[in-house]
Amino acid sequence: MLEVNVSGVLRDAVNGAASLQVEAATIRELLRKLLERYPRLNDHMETGIAVAIDGVIYRDTWSEPIPQDAEVFLLPRLEGG
Amino acid sequence: MSGVHVSTTVNGDAVEFVCPPGETLLDVLRNRLNLIGAKEGCGTGDCGACSVTVDGRLVCSCLVLGAEVEGAKVGTVEGMAEGGELHTLQSKFIEHAALQCGICTPGFLVAAKALLDRNSDPSEEEIRYALAGNLCRCTGYDKIVRAVDAAAKQLATDATKSGKKSKRR
Amino acid sequence: MAETAPDTSFTNQDFKIIGTRPPRPDGVDKVTGRAKYGADAFAAGQLTALILRSPHAHAKILSIDTKRAEKLKGVKAVVTCEDLPDLTGGNRGMLDILENCMARGRALYDGHAVAAVAAIDAETAKKALKLIKVKYEVLPHVTDVDEAMKKKAPIIQPHIRTTGVDPKPKKASNVAARSQFGHGDIEAGFAAADVIVEESYKTEQTHQGYIEPHACLASVGPDGQGELWVTTQGHFVFRNTCAALLGMEVAKLKVTSSEIGGGFGGKTHVWMEPVALALSRKANRPVKLTMSREEVFRASGPTSSTSIDIKIGATRDGRICAASAELRYQGGAFPGIWGMLGAMTTWACYDLENCQSVAFDVLVNRPKSAAYRAPSAPMAAFAVESTIDLVAAKLGMDPVDFRILNAAKEGTRASYGPTYGPIGIGPTLEAVKNHPHMKAPLGPNQGRGMACGFWFNFGGQTCTDINVGVDGTVSLTVGTMDVGGSRASLSLIAAEELGIPYERVKCNVADTASLGHNDMTEGSRGTFSSGMATIFAARDVVKVLRNRAAAMWEIDVDDVAWEDGQAVAKGIAHSNLSPLSLADIARKSPTTGGPIAGHNETVADGAGVSFASHICDVEVDPETGATKVIRYTVVQDAGKAIHPDYVEGQFQGAAAQGIGWALNEEYIYGEDGRLQNPGFLDYRIPVCSDLPFIDTEILEIPNPGHPYGVRGVGETSIVPPLAAIGNAVSNAAGVRLNHVPMSPPRILKAINAAK
């Protein structure tokens with residue numbers, strides 16, 4: 001069971017929760033299960049979401065495996081110059 | 001609207017064109033003579049990207065009318081290299097990484113050449129003030145100043161080696 | 001792809017040519033005037049287009065009459081929003097982009113496009129613009145971020161309800177979003193503090209100020225196929241956006257990126273390209289559309305102006321025990337993520353037990369904000385790093401030592417959430433402490449300041465090809481724009497991997513028809529992500545080369561190794577076989593299986609965060625309030641510098657932009673909501689005589705997420721200058737400026753008030 005920390009604007013979509021318990025082995029599975037539970041996350045999925053696993057931010061590599069003891073953060077997608 | 005017929009010299013070549021009386025030299029160079037090295041960054045003489053020389057004098061070609069260069073000698077970045085050989089300023093700009101995006105580079109080269117033509121041994125301050133009419137947003141000017149300084153020194157060395165004063169114009 | 005799954009582990013190898021400084025491959029084109037930028041393309045029969053823009057900051061558009069313009073001889077097309085119907089299928093973000101390109105019933109800022117014409121020449125197009133009659137009903141406007149948040153402020157986007165607040169508001173507001181980051185117990189933290197400093201700051205809006213205005217040449221035929229030549233930071237993204245907005249098929253719109261004359265984030269968005277395509281479609285002729293400098297300022301993305309409150313508490317032993325920030329960023333007339341980004345970066349340099357940042361993204365009647373180099377971080381850093389100096393002073397500590405004591409390190413939980421891996425903030429601070437600059441003597445009216453900065457960096461979708469010529473030269477094809485020398489860096493990487501001389505590689509930027517999708521050159525990702533894809537594509541080539549060598553030798557491929565740029569036959573049985581170079585193998589390629597190529601498509605995640613610390617000396621003229629930067633040093637972690645000249649160039653250019661932001665640059669709006677200084681004369685960016693040499697020190701703390709340890713280098717160094725200069729001005733003139741830019745009138749006012 002992963003503990004997923006939810007950051008900033010995304011908390012709105014998960015009913016204000018700061019952290020969630022999710023059973024998932026990859027980013028794809030994590031996002032799929034979160035979306036089933038919190039349909040409002042879909043708005044963020046469309047425009048962008050990122051997942052940080054042990055400090056490394058993944059924007060698009062949804063196949064990335066998540067170690068079960070990993071620190072997981074759900075972050076808004078960033079823009080740069 | 002009748003056009004003005006203009007006979008002039010660009011980079012040593014005789015050139016004729018017809019343009020509306022209000023058309024800028026920059027538009028003439030770019031749109032009528034296919035010399036796209038001069039760039040329009042502002043159209044108001046503030047950025048220097050369109051720098052060329054008219055009778056040896058550095059100007060913003062966006063502030064000069066095409067009709068004004070009748071009988072004059074126009075110099076653009078396209079005329080700096082001689083045959084297969086780059087002008088020393090050009091090779092020093094590459095060597096010193098004095099360009100990033102490169103949009104301001106033609107203007108800087110023309111302005112730097114105008115400086116070295118009248119002052120073969122400029123100080124850092126003289127270089128900075130001579131180039132103050134040319135905006136660069138990428139480099140912070142550091143490597144540009146170094147490249148111009150290196151070019152001045154190289155030209156001086158070349159002149160000494162060939163045993164005569166620099167004749168390069 | 002599974003079989004060739006790339007090895008992304010950091011190898012820390014000894015490099016042969018990575019880290020050298022060869023001349024850039026596009027150098028000659030760029031010093032001879034041959035390089036072609038956005039405005040440098042011409043097509044047979046092309047028309048010239050111009051855009052009519054709103055003179056009002058906020059207005060209802062009652063009617064647009066284009067009949068007279070359409071009848072003018074030489075006018076071939078006139079378009080309004082009716083020619084750009086909403087095909088976005090409820091995607092509000094896309095509709096915002098479309099509406100920003102062409103107003104839809106309302107003008108939301110001074111400069112908002114209202115109509116456009118394409119004519120046989122510029123003169124005719126100018127005349128046609130004057131013949132378009134637009135009836136406006138002028139509405140109340142607001143351009144200041146704090147004013148826009150007030151209850152009585154005119155509402156700019158009636159559909160917007162603030163997100164991130166509970167309960168969800170029922171009424172419209174100019175606050176598009178509230179976002180919060182941080183951890184710990186902020187109240188308890190402040191309760192434990194021996195000293196607390198609270199300050200409020202303002203920063204004015206600045207523009208990226210690229211010297212090349214937006215320009216494109218669009219051509220769409222009645223068969224629905226089109227081409228677009230455009231100056232952009234991301235032609236693949238432009239293609240997808242334009243195709244979606246115009247109802248075109250992605251594969252039928254070929255976008256070619258011109259050389260780009262600076263972008264810094266401002267060329268990540270479409271501003272007018274869909275309009276050029278719509279005009280071309282209507283006229284069935286190629287259309288060239290170029291912005292004037294005034295249009296660039298009025299209608300293409302500046303960065304936010306902000307208003308920020310900072311509170312820092314520390315204990316007597318010099319540890320920060322609580323830190324909180326409230327940040328208000330305006331994003332122009334459309335919702336953005338700028339405040340959120342500011343909040344994420346606010347405390348990123350420090351190791352904090354209790355920290356919090358709350359951001360508000362606010363709408364005003366100004367142009368839609370765009371990313372500007374490490375977007376949103378410089379303003380937050382200005383507020384934080386100015387306050388950090390005040391706390392250090394209150395504690396009687398040296399500001400560098402105070403920062404070193406509190407700096408984030410590997411294992412620190414970042415203020416935006418995750419835990420850091422190996423990072424460079426500590427090392428940059430140590431380098432500053434030991435830098436000779438810190439001991440350089442200061443004259444009268446001179447002062448020294450320093451500050452730190454952070455930026456995330458990203459990777460993203462990337463696609464790269466390598467094709468080996470029959471003579472053994474290598475064509476490297478990438479899809480990320482070369483904004484400042486990346487062709488040189490990427491050629492170095494290909495040459496390093498293949499073991500061939502740099503001069504034998506030619507790097508090309510491909511159009512959208514010639515390569516798979518690549519994300520923008522943004523987020524400092526160009527060399528990071530295309531570099532990664534180049535490494536893997538080159539390793540793909542090596543695989544092919546080994547196979548071909550095996551074929552030439554008629555031995556098993558398992559007996560062929562690739563060492564030092566050549567195929568080597570392994571084992572005593574093959575000791576009679578001399579190694580084959582890449583050129584040897586390429587020459588025989590027609591009979592060993594045909595062309596030799598390598599390819600890689602990847603999502604280059606794993607970008608490492610980046611930190612910089614800057615030192616700056618200024619001299620403040622007490623008579624005029626004018627500030628001159630007399631010495632400047634940048635220390636930044638590059639992970640691994642591929643081509644150090646262009647790494648230094650990024651550091652220097654970013655610092656210069658930060659210096660302009662700190663001292664001169666600002667959007668000035670009148671009471672009428674119109675921009676008063678849309679030109680380089682009145683919006684003054686630093687010129688050559690304003691600046692000293694900018695010294696650089698490149699640190700290399702490898703990023704474990706890249707095979708060579710590369711971190712993005714393009715953005716971070718715009719973050720520290722605002723505060724570094726503020727701190728230096730404070731030390732030089734004895735006055736602290738909480739308002740950027742620190743222009744002469746503001747400094748003079750502060751000096752006089754302190755007397």
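**Close-up views of a predicted model**

Chain A has an average pLDDT of 89, and 100% of the residues score at least 70; pLDDT is the predictor's confidence in each residue, from 0 to 100. The model is predicted: local features need pLDDT of at least 70 and side-chain atom pairs count only at pLDDT 80 or more, while totals for chains, interfaces and linings use all residues. Residues are numbered from 1 along each chain as its sequence is written, and chains are lettered from A and ligands numbered from 1 in the order in which they are written.

**View 1. Confidence along the elements of chain A.** Helices (H or I, at least four residues) and strands (E, at least two) are DSSP runs, numbered from the N terminus.

**View 2. Where chain C touches chain B.** Here 42 residues of chain C are in contact with 42 residues of chain B (contact: C-beta atoms, placed from the backbone, within 7 Å). On the chain C side, helix H1 (27-31) and helix H18 (644-663) are the elements that give two or more residues. H18(C) gives the most, with seven residues. This side divides into 20 nonpolar, 14 polar and eight charged residues. Ala, Val, Leu, Ile, Met, Phe, Trp, Tyr, Cys and Pro count as nonpolar, Asp, Glu, Lys and Arg as charged, and the others, Gly among them, as polar.

**View 3. The two domains of chain B.** Domain 1 covers 4-79 and domain 2 covers 88-161; the bounds come from an automatic or database domain assignment. Their centres, taken over C-alpha atoms, are separated by 22 Å. In contact are 14 residues of domain 1 and eleven residues of domain 2. Strand E3 (residues 51-54) of chain B gives the largest share of the domain 1 side, three residues.

**View 4. Helix H3 (residues 105-118) of chain B.** Its 14 residues reach 20 Å from first C-alpha to last, close to the 20 Å expected at 1.5 Å a residue (1.5 Å times one less than the number of residues). Twelve of the 14 residues are buried, so H3(B) is largely enclosed by the rest of the structure. A residue is buried if 20 or more other C-beta atoms, placed from the backbone, lie within 10 Å of its own. The buried residues, including B:Phe108 and B:Lys113, pack against elements of chain B, among them E3 and helix H5 (142-161), together with H1 of chain C.

Terms used
Contact = placed C-beta atoms within 7 Å.
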